[in-house]
Amino acid sequence: MIKTVVSSALPIDEKLRIKKNILTNGKGKKRICIVTGTHGDELEGQYVCFELINKIKANMEKLDGTVEIYPSLNPLGMDSITRGVPNFDLDMNRIFPGNPEGSMAEAAAFAICEDLKGADMVIDIHSSNIFLREIPQIRINVDEAEHLVPYARMLNIDFIWVHESATVLQATLAHSLNRCSTPTIVVEMGVGMRINHSMGNELVRGILNLMKNMGIWEGEISPAVISEPVISNGDNVIFLNADKSGIFLTETRNNTIVEKDELIGKIVDPLSGDILQTIKASERGLLFTIRAYPVVYEGSLIARIYKL
Amino acid sequence: MKKEIIFSMKSPYRDDFRIQAFRFGKGIKTLAIVGAMRGDEIQQQYICSQLIRILKDLEEKGKVAADREILVIPSVNPFSMNVGKRFWALDGTDINRMFPGYDQGETTQRIAASLFKAIEGYEYGIQMASYYMPGDFIPHVRMLQTGYEAVEDAKQFGLPYVCIRQPLPFDTTMLNYNWQIWNTKAFSVYGGQTNHVEDKTSKLTIEAILRFMKNNGLITSVNINPGYLSDIMNEEELITVKSDSGGILYRIKSPYDNVVENETIARVIHPYEGSVISEIKSPCNGVIFFAHNKPLALQGDPLFKIINS
Ligand SMILES: [Zn+2]
C-alpha cells in the first residue's frame with residue numbers, strides 16, 4: 001500500500017509528495033523502515049528498494065510484520081540531480097529532527113522523523129556523492145556502537161566504521177532517531193549518480209538476513225553465508241588528501257588490502273604533461289574509499305584506508 | 001594600509017585562488033571584518049570595499065588609532081562569485097559551515113582554517129552575513145547564545161535591533177559560533193540584501209560599522225549620526241507568518257512597516273487564474289522585521305517575521 005507521508009504545495013500546479021510503500025503480513029508487530037534519497041545525487045538505494053519490494057512480494061507469506069520503504073526523502077532533489085533540496089541552503093541531512101514551523105524542508109524533515117519514530121529498525125541508505133567511491137559500509141557514532149554493531153553485522157556489508165561523535169552530526173536523521181530510541185543504521189556504498197547491482201544485491205540479502213534475525217522474515221537467505229565485516233576500532237582511519245590541484249588518475253581497486261607505500265594514484269597536469277603528485281598508501285590497510293571524480297583541488301579527499 | 005595574501009592555492013584550470021587581507025593601524029589586534037563568504041554575497045563584499053576605501057583615507061589623515069589594528073578581508077570566496085555560484089563551485093560545500101576549519105582536510109576546510117588563523121585573537125569580529133532564506137530585513141546585529149555573546153557591545157553599532165538566538169547543531173560549524181568560542185566578541189551584521197549594492201541598507205551598514213569603530217576609539221573625527229538605541233530581542237520572540245498555499249506571492253508590507261492585527265500583509269495569487277488563493281494576515285500588532293523577497297511562495301514558507309508590540 002502506497003501512502004503519502006508529506007504533501008506540500010509548490011508555487012505552480014504541483015505538490016511535493018514524499019511517499020512510502022507499506023508491505024505487511026501476518027501477526028508480527030515489528031516494523032522495519034528502509035529510507036533513502038535524502039541526497040538527490042545518490043541512487044544506489046533506488047535499486048535496493050526495487051529489489052527488496054519484489055523479493056518480499058514474491059514470498060509475501062514469509063513476511064511476519066511490516067516493511068516500510070521510502071525511496072525518496074528528497075523527491076525534488078532526486079528529480080533534478082540536486083544533492084540538496086532545491087531552493088534551500090542546508091543539506092537535508094543537517095536539519096533533523098526538523099521543525100513544523102520552519103521552511104518546507106524543515107517541516108518535511110519533521111514529518112519524516114515523526115513517521116519513522118517507533119520503528120524497530122531504520123536503515124538509511126546513502127551512496128557517498130559523485131566524488132568518492134565507497135565499499136559497502138556502515139557508519140555508526142561511537143555512542144551508539146554497543147547497541148547497533150550487533151545489528152550492523154547482520155547486514156552483509158564489508159566494513160563498519162565506528163566514528164567519533166561530532167556536534168554537527170546531531171542534526172542527521174540517524175542521530176535524531178537514535179536519540180529517541182528508534183535504532184537507525186546508516187549504510188554508505190557505491191558512488192553518486194550510478195547504480196552498482198552487485199552491491200545492491202548484497203545489501204538486499206543483508207536486509208532480509210537482518211529481518212530474519214528480527215523475526216520479520218521467514219524466507220530463505222540465499223546464499224546463506226553473510227560476510228563478516230571488518231570493524232574499525234579507535235582512530236585507525238587514514239585520510240589521504242591531495243596536495244596539488246589537477247587531474248587524479250588511478251588504476252587501484254577499492255576494497256583491497258593495500259601495502260604501505262603502495263601506489264594509489266597520481267595527480268597530473270594535462271597542460272604541461274607533468275606528474276604533480278604521486279599518492280601512496282601511508283600504512284598497510286583496507287582501502288575503503290577512493291576518489292571517483294578526477295578533477296581535484298588541494299585538499300580534495302583521494303582515499304581512506306583502515307589501518308590493519 | 002598593508003595589503004597581503006593570507007591564502008593562495010593553485011586551481012586545475014583557473015587562475016590562482018587568493019584571499020586578500022587589508023590591515024590598518026598596528027598593535028593590539030582589535031577588530032577583524034569578514035565580507036563575502038558565498039558567491040552571491042556581493043553587497044557584503046561591496047560594504048567591505050567601501051570600508052577599505054574609507055579606512056585608507058582616514059589612515060592617511062592620521063585618524064586611525066595608532067596602537068591598534070583593524071583587519072578587513074573583503075572576500076573569502078572570489079572563485080564562486082566569478083562563476084555565479086553561491087557555494088564552492090567544485091563540490092557545493094559552504095565555507096561558512098567549515099569552521100574552525102582543518103588545514104589537512106578538504107579544500108573548503110583548508111580555506112576556513114586559513115581564514116580562521118588570520119582572524120583569530122582579535123577582540124572584536126564582524127561578519128557580513130546572509131540568511132539561509134531569501135528575504136529583506138531591518139538591518140541588525142545577530143549573535144548566537146554561546147555564553148560568550150557580547151550583547152552590550154553589539155549596541156555600539158547603533159542598529160535598530162540586536163537579535164540573539166540559541167545555536168542549533170549545524171550552527172556549531174559557523175564562523176560566528178567558533179569566533180565566540182575562541183574568545184572573540186563576534187557579531188554577524190545583516191544588512192538585509194545580498195545582491196543589490198545600491199540598496200539603502202548598504203549605506204546604513206557602512207555607517208553602523210564606522211559607528212562601532214568610532215565608539216570603540218578605533219577611528220576619530222568622523223561625522224556619523226549617533227544611530228539607534230538598539231533593542232535586544234530573542235529570535236524566539238518573533239512571530240512567524242507562513243504561507244498556507246503555494247502560488248505567486250504579492251507582497252504588500254515590507255521591513256519597517258507597522259502592521260495591525262488581521263491586516264492583509266501579502267496575497268498568494270493563483271499562478272494561472274490570477275485569483276487570490278490566500279490573504280496573508282498579520283496575527284498581531286507590530287513591526288515587520290523580515291519579509292520573504294522572492295515572487296513565488298511554497299506552502300509552509302515563512303513569509304514574514306514580525307516584532308510583536
Ligand atoms: Zn547521502
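I began with the contact, which takes 37 residues from chain B and 38 residues from chain A. The model is predicted. I looked up the buried area next: about 3000 Å² between chain B and chain A. Carbon and sulfur atoms give 62% of that area.

How many salt bridges are there between chain B and chain A? I found a count of 1. Its partners are D89(A) and R86(B), with N to O at 2.4 Å. I then took the polar contacts between chain B and chain A, both residues at pLDDT 80 or more, and got 12 residue pairs.

Which elements of chain B give two or more residues to the side that touches chain A? I noted α3 (107-119), β11 (239-242) and β17 (296-297). I sorted that side of chain B by class: 17 residues are nonpolar, 11 polar and 9 charged.

**Zinc ion**

I moved to the metal. The protein donors are ND1 of H39(A), two OE atoms of E42(A) and ND1 of H126(A). They lie 2.0 to 2.4 Å from the zinc ion.

I placed both partners: R83(A) is in the loop between α2 (75-79) and α3 (104-116) of chain A, and E42(A) in the loop between β3 (31-36) and α1 (44-58). The pair links distant parts of the chain, 41 residues apart. For the whole structure I noted 34 salt bridges over all chains.

**Backbone**

Most residues other than glycine have a negative phi, and most peptide bonds are trans. I listed some exceptions in chain A.

- F96(A) and P97(A) are joined by a cis peptide bond, omega about 5°. I located P97(A) in the loop between α2 and α3 of chain A.
- S222(A) to P223(A) is cis as well, with omega near -5°. P223(A) sits in the loop between α6 (197-214) and β9 (230-231) of chain A.
- D13(A) is not a glycine, yet its phi is positive at about 45°. I found D13(A) in the loop between β1 (2-9) and β2 (15-25) of chain A.

Terms used:
Residues are numbered from 1 along each chain as its sequence is written. Chains are lettered from A and ligands numbered from 1 in the order in which they are written. This is a predicted model: local features need pLDDT of at least 70, side-chain atom pairs count only at pLDDT 80 or more; totals for chains, interfaces and linings use all residues. Side-chain values use heavy atoms; hydrogens and water are left out. Contact means heavy atoms within 4.5 Å. Buried area is the accessible area (1.4 Å probe) that two parts lose on being put together, summed over both. A salt bridge is a side-chain nitrogen of Lys or Arg within 4 Å of a carboxyl oxygen of Asp or Glu. A polar contact is a pair of N or O atoms within 3.5 Å; within protein, one must be able to donate a hydrogen and the other to accept it, and residues adjacent in sequence count only if both atoms are side-chain atoms. Helices (H or I, at least four residues) and strands (E, at least two) are DSSP runs, numbered from the N terminus. Ala, Val, Leu, Ile, Met, Phe, Trp, Tyr, Cys and Pro count as nonpolar, Asp, Glu, Lys and Arg as charged, and the others, Gly among them, as polar. Donors are N, O and S atoms within 2.8 Å of the metal (3.2 Å for Na, K and Ca); water is not among the atoms, so sites may look incomplete.
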